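Please read this report alongside the model.

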Amino acid sequence: MANRIVLNTVSHHGSGAIKELPGILAARGCKKALVCTDASLVKFGVTAKATDELDAAGIAYEVFSDVKPNPTIENVQAGVEAYQQAGADCIVAIGGGSAMDTAKAVGIIANNPEFADVRSLEGVADTKNHAVFTVAVPTTAGTAAEVTINYVITDVERTRKFVCVDVNDIPEVAIVDPDMMASMPASLAAATGMDALTHAIEGYTTKGAWAMTDMFHLEAIRLISANLRGAVAKEEAGMEGMALAQYIAGMGFSNVGLGIAHSMAHTLGALYDTPHGVACAMMLPIVMEFNAPETGEKFREIARAMGVVGVDAMDEAEYRAAAIDAVRKLSTDVGIPTTVEAMKADDLDFLAKSAAQDACAPGNPREASVADLRELFTKVMPA
């Protein structure tokens with residue numbers, strides 16, 4: 001079977017990499033950028049770290065900051081209108097997954113107007129043209145949206161999130177600068193970091209995993225385990241490690257898919273507005289327990305990458321338990337809750353059916369029925 005890898009054309013990494021932005025746009029011949037970001041990043045001066053560079057270089061831009069934490073169809077529509085009214089010829093996406101996902105959808109629709117109905121992008125859309133030239137600048141260390149061919153949009157009317165998968169949506173250039181992530185509060189660093197770990201572990205165990213993506217995912221697991229606690233504590237080395245780790249995880253999972261931890265997290269986010277990384281962190285060890293029988297010896301390597309000592313002397317049950325325990329401990333150490341306080345028993349059927357229909361579900365290594373998903377959801381219900 002042939003395997004495919006899709007990555008950015010170019011990516012820039014390391015402290016101070018944001019200074020490359022003007023040169024990137026100038027080399028492309030861009031005249032005016034739509035800066036797609038969110039209001040909080042504008043308010044706290046994070047967006048300015050990039051726009052100051054554009055100002056100094058005399059590159060025109062307009063800021064679009066009407067982006068919600070779980071971007072909606074309406075956000076995308078407003079972004080397309082802003083792009084057109086600005087007379088822009090490129091996009092600079094600055095933010096976490098929400099800003100970058102919005103930018104991806106805007107860029108796709110701008111160059112493929114037949115997909116103006118945002119819902120038509122769900123799944124694998126048959127777009128003909130690559131998205132508008134986009135430079136993605138992450139400000140969180142977790143989503144890896146700057147290097148993936150996926151984006152997620154919330155359909156408020158139908159109380160659901162839908163996943164879009166399209167090789168034409170990947171930003172052509174990524175700037176992964178840990179200085180752009182320095183303003184993250186500890187809770188956001190924890191949540192996005194656990195999202196990255198979920199990407200790495202689900203990508204490593206998904207049905208589509210293969211040698212190259214296994215290499216990416218195991219290194220991401222190792223880096224996250226070594227650096228997430230430090231990043232949450234605002235240590236420079238920890239933040240630098242997480243900036244790299246989350247990107248490496250994205251290099252892998254974008255090309256092989258995820259599993260039901262993400263399916264369930266999407267559903268929790270749509271119904272309760274649970275932050276995506278928090279939802280992933282809560283579901284990950286629960287789903288690992290469910291998937292363990294279908295993972296061969298992969299949990300041994302997960303445990304090893306997470307720093308568990310003596311895994312070669314462990315039997316199958318022991319190394320699987322060790323891997324799950326290491327994930328739970330990391331999640332607890334960085335302050336992730338274990339229950340969704342808003343969850344009600346009356347919602348379980350809807351949650352399970354929605355998760356079963358999510359685009360990430362088919363990649364799960366173990367088949368999960370609606371009944372299975374319902375039971376797994378009960379494990380994050382409040383007492």
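Buried means under 20% relative accessible area, exposed means over 50%, and partly exposed lies in between (1.4 Å probe, protein chains only). By that rule, 59% of the 383 residues of the protein count as buried.

This is a predicted model: local features need pLDDT of at least 70, side-chain atom pairs count only at pLDDT 80 or more, and totals for chains, interfaces and linings use all residues. Residues are numbered from 1 along each chain as its sequence is written, and side-chain values use heavy atoms, with hydrogens and water left out.

**Overall form**

The protein has 14 helices and nine strands. These are DSSP runs, numbered from the N terminus: helices are H or I with at least four residues, strands are E with at least two. The C-alpha atoms fill a box of roughly 60 × 45 × 45 Å along the principal axes. The radius of gyration is taken over C-alpha atoms, and the globule rule is 2.2 Å times the number of residues to the power 0.38. For 383 residues, a compact globule would have a radius near 21 Å; the protein has 20 Å, which agrees.

**Helix packing**

Two packed helices are described by the angle between their axes and the distance between the axes. Axes are lines fitted to C-alpha atoms, for helices over the stretch in contact, and angles run from 0 to 180 degrees between N-to-C directions.

Helix H7 (residues 211–232) and helix H8 (residues 236–256) cross at roughly 150°, and their axes come within 8 Å. H7 and H8 are therefore roughly antiparallel. Angles over 145 degrees count as roughly antiparallel, under 35 as roughly parallel, 65 to 115 as roughly perpendicular and the rest as oblique. H7 passes H8 in a left-handed crossing. The residues of this contact divide into 16 nonpolar, seven polar and one charged. Here Ala, Val, Leu, Ile, Met, Phe, Trp, Tyr, Cys and Pro count as nonpolar, Asp, Glu, Lys and Arg as charged, and the others, Gly among them, as polar.

Helix H6 (residues 186–205) packs on helix H12 (residues 316–333) at about 165°, with axes 11 Å apart. H6 and H12 are therefore roughly antiparallel to each other. H6 passes H12 in a left-handed crossing. A crossing is left-handed if the near helix is turned anticlockwise from the far one by less than a right angle, and right-handed if clockwise.

**Cysteines**

A disulfide is a pair of cysteine sulfur atoms within 2.5 Å. By this rule the count is zero. For cysteine 36, the nearest cysteine sulfur is that of cysteine 90, 12 Å away. Cysteine 36 is buried, at 1% relative accessible area.

**Loop residues**

| Residue | Relative accessibility | Class |
|---|---|---|
| Lysine 234 | 45% | partly exposed |
| Aspartate 273 | 51% | exposed |
| Lysine 128 | 58% | exposed |

Lysine 234 lies in the loop between H7 and H8. Its phi is near 70°, a positive value in a residue other than glycine. Aspartate 273 is in the loop between helix H9 (260–272) and helix H10 (276–291). Aspartate 273 also has a positive phi, about 60°, although it is not a glycine.

Lysine 128 is in the loop between strand S5 (123–124) and strand S6 (134–138). The C-alpha atoms of lysine 128 and isoleucine 108 are 9.5 Å apart, with the two residues 20 apart along the chain.
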